[in-house]
Amino acid sequence: MKRNIFFVGLILSLFVTVGFSGCYAPSPLYGTWADNSGDTITFMVDMTYTSKVTVDGVTKSQSGSYDVLMNILVFTDDSGSVMETEWDIRGNILYLTWSVGSSNQMLTLYKIKN
């Protein structure tokens with residue numbers, strides 16, 4: 001009797017484990033986002049990013065890590081500079097403000113690749 005209960009418990013725990021392991025959903029940010037001006041941001045699953053954004057006519061490429069704090073994205077580039085911005089995704093469109101020094105560029109980026 002105890003042996004049957006053990007096997008039933010083992011089988012149930014196996015089903016629960018397999019069921020929950022299939023429920024992982026990647027971050028909606030994951031992938032490459034771009035606009036018609038050539039601005040791009042790529043978010044990787046390891047919480048790193050690469051970007052090429054033009055602000056006030058100056059194009060700058062950078063990479064680093066990012067954190068998501070509710071509706072705030074915190075970018076830390078490889079030199080240690082930190083930029084925080086609010087973000088929003090509606091469908092396959094990402095809205096955020098990219099800051100370089102005292103200059104800001106409103107970005108409307110479209111998801112082009114997962």
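Student: What makes β6 and β7 a hairpin, and which residue in the turn has a positive phi?

Tutor: This is a predicted model, and everything here is computed from it. β6 and β7 form a hairpin with 2 residues between them. In the turn, glycine 91 has a positive phi of about 65°.

Student: How do you know that β6 and β7 pair?

Tutor: Count the bridges. Two strands pair if there are at least two bridges between them. β6 and β7 are joined over 4 bridges, in the antiparallel sense. They therefore count as paired.

Student: Which residue forms a salt bridge with aspartate 88?

Tutor: Arginine 90 does. The closest N and O atoms of the two residues are 2.7 Å apart. The cut-off is 4 Å, from a side-chain nitrogen of Lys or Arg to a carboxyl oxygen of Asp or Glu. The 2.7 Å distance is within 4 Å, so the contact is called a salt bridge. In general, side chains of opposite charge can pair when their charged atoms come close.

Student: How many salt bridges does a search of the whole structure find?

Tutor: The search finds 1.

Student: Why is serine 51 called buried?

Tutor: Its relative accessibility is 6%. That is under 20%, so serine 51 is buried. Serine 51 is found in strand β3, residues 48-55.

Student: Which residues is serine 51 in contact with, beyond its neighbours within four places in sequence?

Tutor: Thr40, Ile41, Lys60, Ser61, Gln62 and Trp98.

Student: What makes the phi of methionine 70 worth a remark?

Tutor: Phi of methionine 70 is near 60°, a positive value in a residue other than glycine. Most residues other than glycine have a negative phi. Methionine 70 belongs to the hairpin of β4 and β5, which has 2 residues between the strands. At 74% relative accessible area, methionine 70 is over the 50% cut-off and so exposed.

Student: What about methionine 47: where does it lie, and what is its phi?

Tutor: Methionine 47 lies in the loop between β2 and β3. Its phi is positive too, about 65°, although it is not a glycine. Its accessibility is 33%, so methionine 47 counts as partly exposed.

Student: How do you know that β5 has paired strands beside it?

Tutor: Again, two bridges are enough. β4 (residues 58-69) and β5 pair over 6 bridges. β5 (residues 72-77) and β6 (residues 82-90) pair over 5 bridges. Both pairings are antiparallel. Threonine 76 has a bridge partner in β6, valine 82. Serine 65 has threonine 76 as its bridge partner in β5. Isoleucine 72 stands opposite glutamate 86 in β6.

Student: How many residues lie between β5 and β6 in their hairpin?

Tutor: There are 4 residues between them, and glycine 80 in the turn has a positive phi of about 100°.

Student: How many bridges join β7 to β8?

Tutor: 8 bridges join them, and the strands run antiparallel. Serine 99 has asparagine 104 as its bridge partner in β8. This hairpin has 2 residues between its strands, with glycine 101 in the turn at a positive phi of about 60°.

Student: What makes the strands a barrel?

Tutor: 8 strands close in the order β1-β2-β3-β4-β5-β6-β7-β8, with antiparallel pairing. The twist averages 35° from one strand to the next. The protein chain has 1 helix and 8 strands.

Student: What makes a set of residues a nonpolar core, and which have the most contacts inside the largest one?

Tutor: The members must be buried nonpolar residues joined through side-chain atoms within 4.5 Å. The largest such core has 17 residues. Those with the most contacts inside it are Ile41, Phe43, Leu73, Phe75, Leu94, Leu96 and Trp98. β2, β3, β5, β6, β7 and β8 each give two or more residues to this core. Phenylalanine 43 is in contact with, among them, Leu73, Phe75 and Leu94.

Student: How much of the protein chain counts as buried?

Tutor: Of its 114 residues, 25% do.

Terms used. Residues numbered from 1 in each chain as written. Predicted model: local features only at pLDDT ≥ 70, side-chain atom pairs only at ≥ 80, totals over all residues. Heavy atoms only, no water. Buried < 20%, exposed > 50% of the residue type's maximum accessible area, 1.4 Å probe, protein only. Contact = heavy atoms within 4.5 Å. Axes fitted to C-alpha atoms, helices over the stretch in contact; angles between N-to-C directions.
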